[in-house]
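Please consult the sequence and the structure alongside the text.

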Amino acid sequence: MSKTSPWRSSFAVRLFLVAALAAAAFLGAYGFWSPSTGTTAGETSTDETGPTSEMEVASFTSAESGTCLTWDIDAKGEISNFQSISCAEPHRFEVAAREDLSTYPTSEFGPDAKRPDVTRQNALRDELCASSTLGYLHGKWDPAGKYDIASVLPPSNAWDKGDRTLLCGLQTTDETGVPQLSTGNVEAVDQAVVAKAGECRSIDDKQIMRTVDCAQPHQLETVSVVNLGERFPDGYPAGEELDTYLNETCTAAAEKYLGGEENLYQSTLQPFWGSVSEASWNGGSRSVNCSLMHPNNGSFSIITGSATGGRAALTIDGAPPAQQPERNPIRNNASAAPSAAPSAAPGAAAPTPAVAPGQ
């Protein structure tokens with residue numbers, strides 16, 4: 001029996017996905033969150049909620065390079081319990097540098113100055129934080145990775161009392177810009193943007209990737225995370241070697257995720273894997289996702305349901321998975337040539353991997 005599945009993937013599919021995922025990474029790199037306003041980039045707010053206790057203000061104003069900070073965010077986006085914490089513990093911000101805006105070479109931030117709005121805060125981040133943060137990381141930062149260079153101003157009550165501290169540092173955010181908890185110093189951890197096994201990913205019309213419930217329309221279902229640093233400890237692998245390894249690894253992961261090769265075949269989905277550029281590798285990214293996807297005429301299909309539920313649980317572009325052709329039964333006996341390459345099923349093309357950055 002042939003064990004080669006009649007999966008196809010096109011160069012156009014790969015180009016589309018690379019463009020979409022690269023756009024998502026670019027947008028993420030400019031996320032911003034101010035723990036004193038609860039405001040995301042592109043918005044302005046007069047909300048004065050935020051850390052107000054003397055202990056919380058002290059934690060902010062005393063934070064030095066290498067300090068990690070965290071705070072609680074409730075369902076309404078209100079912030080409390082702002083505190084310094086060990087970077088080995090879950091935190092939302094790693095401080096790279098402190099800047100004193102009172103020494104800024106204009107009178108913009110004098111004693112009576114209003115707290116800058118988000119647009120001005122973003123400009124200050126770009127002007128004051130990029131170089132100091134890269135220096136803090138010794139250049140080991142992946143702009144396409146999960147950590148953004150960010151800036152944080154003091155709580156409003158501290159600003160009104162004359163505190164002009166601006167903290168530069170790193171954070172990782174969700175799709176809406178809310179800082180998420182992470183563990184460890186950024187320079188020492190894997191910076192790759194990856195999903196967890198079992199999560200489904202959707203790319204919208206603006207080419208922004210989001211994690212969604214698998215019952216909702218999506219393009220990718222994650223089956224595993226592969227740490228390439230474990231397989232290639234001596235440095236960035238050559239393209240062909242990397243591709244061969246991910247082809248084998250992700251195909252095996254997809255079969256295991258679905259409970260066998262036959263289930264994968266019947267799903268009509270195909271393995272899909274991310275890639276890591278040499279620049280991202282040098283910046284600190286090591287992991288990629290193995291996923292399932294379904295190509296369709298140079299794009300990729302819209303899937304609903306999880307492939308773990310079998311064919312009955314799936315729709316592909318609004319219809320059940322296509323009926324797969326029957327295959328000859330396995331001849332599992334001593335006379336079978338164990339090293340013989342299987343032939344493709346009728347009408348099949350050899351599977352060609354589709355790749356995209358870090359997904």
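Is Cys 168 buried or exposed? Cys 168 counts as buried, because its relative accessibility is 0%; buried stands for a relative accessible area under 20%, exposed for over 50%, and partly exposed for the range in between (1.4 Å probe, protein chains only).

## Basis of the description

The model is predicted, so local features need pLDDT of at least 70 and side-chain atom pairs count only at pLDDT 80 or more, whereas totals for chains, interfaces and linings use all residues. Residues are numbered from 1 along each chain as its sequence is written, and side-chain values use heavy atoms, with hydrogens and water left out.

## Overall architecture

The protein contains eight helices and 17 strands. These elements are DSSP runs numbered from the N terminus, with helices taken as H or I of at least four residues and strands as E of at least two. The protein has 359 residues, and 45% of them count as buried.

Among contacts with a separation of 6 or more, 69% are between residues 24 or more positions apart; a contact means heavy atoms within 4.5 Å. The accessible surface comes to about 17100 Å², and carbon and sulfur atoms hold 52% of that area. Areas of this kind come from the Shrake-Rupley method with a 1.4 Å probe, and for residues only the protein chains shown count as cover.

## Disulfide pattern

A disulfide is a covalent bond between the sulfur atoms of two cysteines. Here the term is applied to a pair of cysteine sulfur atoms within 2.5 Å, and by this rule the protein has four disulfides. Counting the bonded cysteines along the chain gives the pattern 1-2, 3-4, 5-6, 7-8.

Cys 68 is joined to Cys 87 with an S to S distance of 2.0 Å, and the link is right-handed, at 100 degrees about the S-S bond. Cys 68 belongs to strand β3 (residues 68-73) and Cys 87 to the loop between β4 (79-85) and β5 (93-100), so the pair ties together parts that are 19 residues apart in sequence. Both ends are buried: Cys 68 has a relative accessibility of 0%, and Cys 87 has a relative accessible area of 8%.

A further disulfide joins Cys 129 to Cys 168, with 2.1 Å from S to S. This link of Cys 129 and Cys 168 is left-handed, with -70 degrees about the S-S bond. It connects distant parts of the chain, since Cys 129 sits in helix α3 (residues 118-136) and Cys 168 in strand β7 (residues 165-171), 39 residues apart. Cys 129 counts as buried because its relative accessibility is 0%.

Cys 200 and Cys 214 are also joined, at 2.0 Å from S to S, and their link is right-handed with 95 degrees about the S-S bond. The pair links distant parts of the chain, 14 residues apart: Cys 200 is in strand β8 (residues 200-203), and Cys 214 is in the loop between β9 (209-212) and β10 (220-227). Cys 200 is buried at 0% relative accessible area, and Cys 214 also counts as buried at 13% relative accessibility.

## Surroundings of Ala 254

Ala 254 lies in helix α6 (residues 239-258). It counts as buried because its relative accessibility is 0%. Which residues does Ala 254 touch, not counting residues up to four places away in sequence? They are Val 223, Leu 264, Pro 271 and Leu 292. Ala 254 and Thr 222 are 32 residues apart in sequence, with 9.0 Å between their C-alpha atoms.
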